[in-house]
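Please read the report below alongside the sequence and the 3D view.

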Amino acid sequence: MKKHLLFCLSMALLIASCAQPDNDIEKRIDNYLSQMTLEEKVGILHAQSKFSSAGVPRLGIPELWTDDGPHGVRPETLWDAFASAQWTNDSVTAYPSLTCLAASWDRDLAALYGKSVGEEALYRGKDVLLGPGVNIMRTPLGGRGFEYMGEDPFLAAEMCVPYIQGIQSNGVAACVKHFCLNNHEVNRHTVNVNVSDRALHEIYLPAFKAAVQKGGVWSVMGAYNLYEDVHCCHNDALLNGILKHDWGFDGVLVSDWGGAHDGEQAARGGLDLEFGTHTNGLDAGKKDAYEDFYLANPYLEGLRAGIYDEETLNDKCRRVLRLMMRTSMSGDRGFGSMNSPEHWADARRIGSGGIVLLRNEGGVLPLKGTPAKVVVLGENAIKPMAVGGSSSSLKAQHETSILDGLKAALPGTEVVYERAYQGEPFITGYNYSLYDISDPRSSEKLLSDAIAALDGADYVIFVGGLNKGKTRDCEGKDRLDYGLPYGQDEIVEKIAAVRPDMIFVNVSGSPVAMPWINNVAGIVQAWYLGSETGNAMADVLTGRVNPSGKLPFTFPKALEDCPVTTPEQYPGILGEDEIWQSYYTEGIYVGYRWYESRGIEPLFAFGHGLSYTTFEYGKAKASSRVMKDKLQISVPVTNTGDVAGAEVVQLYIADKEASVDRPVKELKGFEKIWLEPGQTGTVKFTIDREAISFYDEEAHDWKAEKGVFEALVGAASDDIRTSVEFNY
Ligand code: BGC
């Protein structure tokens, strides 16, 4: 506890120090700038290898090293290629995916995650860790949903801030990405997003704004897509306008790899540091000619010719030097640590804290006593998952499978494994290893062997879902459909026909269809849990940890129920200029805002998650008047069950008489409270102007209208337990 307080205090000091310009740092930057030649200045604004940019050797300014992010530190690549460098000392702790972290609704876990992964980055010699990703889940098909923090801007904002602060407490920069509107992967380099100002500000920007203004993030990565017909990596309106001017961002805008496409815009449009996949953005013809990057020789020539001004150049350099002062040139950062038992414990705690118990008919979970026989089925019970997903793929020092985790947690039990289905037989990752998990049996035989194994089982646990393979939760490709791959639906139906008490463990970072939901007793959402997958899952299945995760996004029953259904909305319509136009006509109605406004009942609602205990909510009370713009809502919550546990108490606000169309309700607060059996605690929320405001498109600003509001407090967006009206 004491350690935690000290950590919070040091982070608070750190943030306080980033909010104000550090005069000492600015003087040092002035000094360097006064000594740097034009060539040296341009030399620090672009990549010199896949993941590093140059320093100024003459002046003792070191190189800057970046690496992915966000779930651990990516293995070393070749200098000029994404292929593995074949190092043998770069295996790391794989942490749970950011969706899992978001599902914990636990700010302390987010701080722990950031601190822990930041230590690994520091040990690996990295100055910038490329994460967190905070793009909003707009469609369940989006390939990178697993790397992001769900469908709600408030939740994503609240959870990314401590993660960022945790990383940066190590003197390693976080790099919040992808700014902005990267909500799907199909045609990601050539899709122009058409979105209303209101949706932009209410849905897609708040997490980035919080990262900057509350998290004090030191770098931001531009997105691949276009907005208002300009690529986001050098989009003047977004970068110079909103990010730097309106929000006061004083860090570095890094391009996504190959995200710059235009010299003039790169020079003037707010880009500070250019990284690339190939030269000239997407032009694969000429490989790795770093001097041909837009912010290299072309920029230098433009400066020499007087086309570009030195003031802008100096601003870019100042930002890059500031990033260096905060990281590589900071005098007081330590050395970090990697693969420590403490980090594994962190990964396990975050994992078990984010697992969501979706369904628990007849209290099938947790497993009771020492069962004689447990049958584990499904490929995902044995499949390593840290590899995969593209840039966030990791070389994990170890990755405990769910099967091994269960065996270790149940020493007196016969744990029988049958695969039941087969996906891709090989697992690849950066050429450093190829696991062959192929099985010679036919699919009929795999299934009949699985059914034969059920005989005499006390419990049947099927571990299925997606797997970070291409089109199954992976960067660069969206999912092709909403269902489970490899015929899992049919297999689940057949197993459930024999064992209706079966438990389905769903490994995925996005929602999936579950047409068989009523035929199984238990459903657990496993995410991708990293190094400690098996242990974290066994903790929850056996009841060593009482689940307390809640969904950070809605599981719709069918894809047709989603807010995004027409080709105009997704993936967009191809225009004559080879640019796809994607129209966000659903506006602010994303996620639960959509389902609630249309009265569509989801499979599992946003915020849903069960526990092994029960919580009773008392009456919500609002303080009698607004004081200094603030009002307090409080609600007593009692653990009425037999085991201790944590409850995520959620506060939604409904505007009763708005001048504009508003969602039925919106998340504006949450607290995770730990309660012993029989214990009552009071949860308090503070509501301010921000919580009741909407973005006024005419005024181009947020507006708080006076009037009557309702505070709705509950255990999920579809499970409101108490409410109170208030005037603001
Ligand atoms: C991804 C980024 C990643 C970068 C470097 C890009 O393709 O979009 O998220 O950080 O590659 O690997």
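## A buried salt bridge

Arg-662 and Asp-655 form a salt bridge, with their closest N and O atoms 2.8 Å apart. A salt bridge here is a side-chain nitrogen of Lys or Arg within 4 Å of a carboxyl oxygen of Asp or Glu. Arg-662 is buried, at 13% relative accessible area, and Asp-655 is also buried, at 17%. Buried means under 20% relative accessible area, exposed means over 50%, and partly exposed lies in between (1.4 Å probe, protein chains only).

This is a predicted model, in which local features need pLDDT of at least 70 and side-chain atom pairs count only at pLDDT 80 or more, while totals for chains, interfaces and linings use all residues. Residues are numbered from 1 along each chain as its sequence is written, and side-chain values use heavy atoms, with hydrogens and water left out.

## Other salt bridges

The whole structure has 47 salt bridges. One of them joins Arg-107 to Glu-671, with the closest N and O atoms 3.8 Å apart. This pair links distant parts of the chain, since Arg-107 is in helix H5 (residues 107-123) and Glu-671 is in strand S24 (residues 666-675), 564 residues apart. Helices (H or I, at least four residues) and strands (E, at least two) are DSSP runs, numbered from the N terminus. Arg-107 is partly exposed at 23% relative accessibility, and Glu-671 is partly exposed at 31%.

Lys-557 forms a salt bridge with Glu-601, where the closest N and O atoms are 3.6 Å apart. Lys-557 is partly exposed, at 41% relative accessibility, whereas Glu-601 is exposed, at 59%.

## The ligand site

Which residues come nearest to the ligand? Of the 14 residues around the ligand, they are Asp-68, Arg-144, His-178, Asp-256 and Glu-475. A residue counts as near if one of its heavy atoms lies within 4 Å of the molecule. By class, the shell has 5 nonpolar, 2 polar and 7 charged residues. Ala, Val, Leu, Ile, Met, Phe, Trp, Tyr, Cys and Pro count as nonpolar, Asp, Glu, Lys and Arg as charged, and the others, Gly among them, as polar.

Polar side-chain atoms lie 2.5 Å from a ligand oxygen atom in the case of Asp-68, 2.7 Å in the case of Arg-144 and 2.8 Å in the case of Glu-475. The protein covers 95% of the 310 Å² of accessible area that the ligand has on its own; such areas come from the Shrake-Rupley method with a 1.4 Å probe, and for residues only the protein chains shown count as cover.

## Strands and sheets

An open sheet of 5 strands has the order S8-S7-S5-S19-S18, with mixed pairing. Strand S8 (230-231) and strand S18 (573-574) are at the edges with a single partner strand each, so one side of each has no neighbour in the sheet. Two strands pair if DSSP finds at least two bridges between them. Strand S5 (residues 191-194) and strand S7 (residues 226-227) run parallel and are joined by 2 bridges; Val-193 has Tyr-227 in S7 as its bridge partner.

Elsewhere, strand S28 (residues 708-716) and strand S29 (residues 719-727) pair in the antiparallel sense over 8 bridges. A hairpin through 2 residues joins S28 to S29, and Ala-711 stands opposite Val-724 in S29.

Terms used. A polar contact is a pair of N or O atoms within 3.5 Å; within protein, one must be able to donate a hydrogen and the other to accept it, and residues adjacent in sequence count only if both atoms are side-chain atoms.
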